[in-house]
Amino acid sequence: MSETTGASYAAAGVDIEAGDRAVELMKEWVKKTQRAEVAGLGGLGGFAGLFDASALKRFERPLLASATDGVGTKVDIARQMGVYDTIGHDLVAMVMDDIVVCGAEPLFMTDYICVGKVHPERVAAIVKGIAEGCVLAGCALVGGETAEHPGLLGADDFDVAGAGTGVVEADRLLGADRIRTGDAVIAMASSGLHSNGYSLVRHVLLKQAGLALDARVEELGRTLGEELLEPTKIYSLDCLALTRTTEVHAFSHVTGGGLAANLARVIPDSLHATVDRSTWTPGAIFDLVGRTGSVERLELEKTLNMGVGMIAIVPQSSVDVALTTLADRGVDAWVAGEITERGEHTTGAELVGDYA
């Protein structure tokens with residue numbers, strides 16, 4: 001076969017040199033996420049990420065917690081805006097805030113970035129955001145994969161996914177079995193839409209209403225694109241701080257499905273969580289989506305977080321310390337409801353009243 005006419009990987013659209021360049025650019029950011037358990041154990045570019053499990057000897061019965069997730073169609077907003085260094089925060093939040101719900105300390109994370117064409121600076125910017133998110137979550141970024149899929153994705157298209165691992169002492173595992181009647185439901189404010197419901201948001205604001213991402217929206221105080229790209233709040237270290245300063249029975253990460261559905265996931269069959277809407281006012285973006293698309297409140301609440309990104313369930317005796325701890329960490333939090341006995345016609349969790 002002729003050396004000049006034969007097929008090649010590059011001719012098929014895969015640029016190995018660009019991939020190598022991307023790895024070089026991201027190394028400095030990954031290094032910033034190192035914990036003591038990964039220092040000196042290989043480095044970026046190996047076939048597997050390493051973590052020194054001897055660190056788990058401090059636990060009597062360590063339980064490993066794992067989670068995997070992506071950020072949904074929010075990546076399309078990043079693509080259209082040409083902003084790639086914030087979407088990684090969303091990825092870390094989606095993974096590590098699921099892990100901390102059971103009381104687990106985030107340990108390490110890996111990522112997967114799929115692109116139509118490797119633009120090294122863009123890939124490095126995505127990893128920069130992931131690394132910064134890992135620092136905020138207290139975990140190490142120990143490895144990942146960048147895959148180039150020409151012909152399957154457009155040259156500017158991309159998607160991200162990640163997987164993480166955490167650890168919790170068995171006798172400190174949080175969940176439904178700890179919850180008791182009379183417990184308080186503490187809400188922690190979201191930073192915005194987070195990374196859920198963007199198919200609805202994009203349909204209503206961009207397709208139906210024809211709003212431009214670079215258009216300033218007065219009620220938002222910034223452009224629509226800036227609002228939609230607001231990074232997801234990472235609560236991992238805030239939740240762990242609560243477990244150290246006071247008694248916590250359970251957490252609930254408010255993601256796809258909304259507040260009530262996610263809260264119901266941690267409520268035992270015999271109990272019921274009531275959340276009072278009048279204890280907070282959802283941010284302007286939620287009203288904009290609802291009003292612009294004539295979306296009914298129940299549909300909004302089943303799709304978006306409505307201003308609450310994480311829930312902590314604590315005994316009444318722990319409320320003051322919990323709120324003080326969160327306030328000291330800069331987290332806007334309030335008592336939003338309570339746990340009661342489940343009645344004949346009640347479900348795991350419900351929202352009552354009207355928003356303030």
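Q: Which strands does α7 lie across?
A: In this predicted model, α7 lies across β5 (184–189), β8 and β10 (308–314), and the helix runs at about 170° to β8.

Q: And α11, which strands does that helix lie across?
A: Helix α11, made of residues 319–328, lies across β5, β10 and β11, and its direction is at about 10° to β5.

Q: What's the strand order in the open sheet of 6 strands?
A: The order is β8-β10-β5-β11-β9-β12, with mixed pairing. The edge strands are β8 (250–253) and β12 (349–352), each of which pairs on one side only, and the twist from one strand to the next averages 25°.

Q: Take β9 and β11 then: parallel or antiparallel?
A: Strand β9 (residues 271–276) and strand β11 (residues 333–341) pair in the antiparallel sense, over 5 bridges.

Q: How many bridges join β2 to β3?
A: There are 8 bridges joining strand β2 (residues 105–115) to β3, and the two strands run parallel. Within that pairing, the bridge partner of M109 in β3 is L141.

Q: Switching to pockets, how much space lies in the second largest pocket?
A: About 360 Å³ of space lies in that pocket. Two elements, β4 (158–169) and α7 (236–245), each give two or more residues to its lining.

Q: Which residues lie nearest the centre of the second largest pocket?
A: Of the 16 residues that line the second largest pocket, G103, V168, E169, R172 and T243 lie nearest its centre.

Q: How many charged residues are in the lining of that pocket?
A: The lining of the second largest pocket has 7 charged residues, together with 6 nonpolar and 3 polar ones.

Q: How many cavities of 30 Å³ or more does the structure hold?
A: The structure holds 1 cavity of 30 Å³ or more, and about 60 Å³ of space lies in the largest cavity.

Q: What lines the largest cavity?
A: The lining of the largest cavity consists of Y84, V115, K117, H119, R122, V123, I126, A155, D156, D157 and F158. By class, these residues divide into 6 nonpolar, 1 polar and 4 charged.

Q: Which helix gives the largest share of that lining?
A: Helix α4 (residues 120–137) supplies the largest share of the lining of the largest cavity, with 3 residues.

Q: Back to helices: at what angle do α2 and α5 pack?
A: Helix α2 (residues 74–81) and helix α5 (residues 198–208) pack at an angle of about 50°, and their axes are 8 Å apart. That angle makes α2 oblique to α5.

Q: Which residues meet where α2 packs on α5?
A: From α2, the residues K74, D76, I77 and Q80 meet Y198, R202 and L206 in α5. Sorted by class, the contact of α2 with α5 has 3 nonpolar, 1 polar and 3 charged residues.

Note on methods. Residues numbered from 1 in each chain as written. Predicted model: local features only at pLDDT ≥ 70, side-chain atom pairs only at ≥ 80, totals over all residues. Heavy atoms only, no water. 1 Å grid on protein atoms, 1.4 Å probe; cavity = no way out; pocket = protein on both sides within 12 Å on 5 of 7 lines; lining within 4 Å. Points joined across faces, edges and corners; volume = space filled by probe spheres on them. Helix = DSSP H or I, 4+ residues; strand = E, 2+ residues; numbered from the N terminus. Nonpolar A, V, L, I, M, F, W, Y, C, P; charged D, E, K, R; others polar. Pairing = 2+ DSSP bridges. Axes fitted to C-alpha atoms, helices over the stretch in contact; angles between N-to-C directions. Contact = heavy atoms within 4.5 Å. Parallel < 35°, antiparallel > 145°, perpendicular 65-115°, else oblique.
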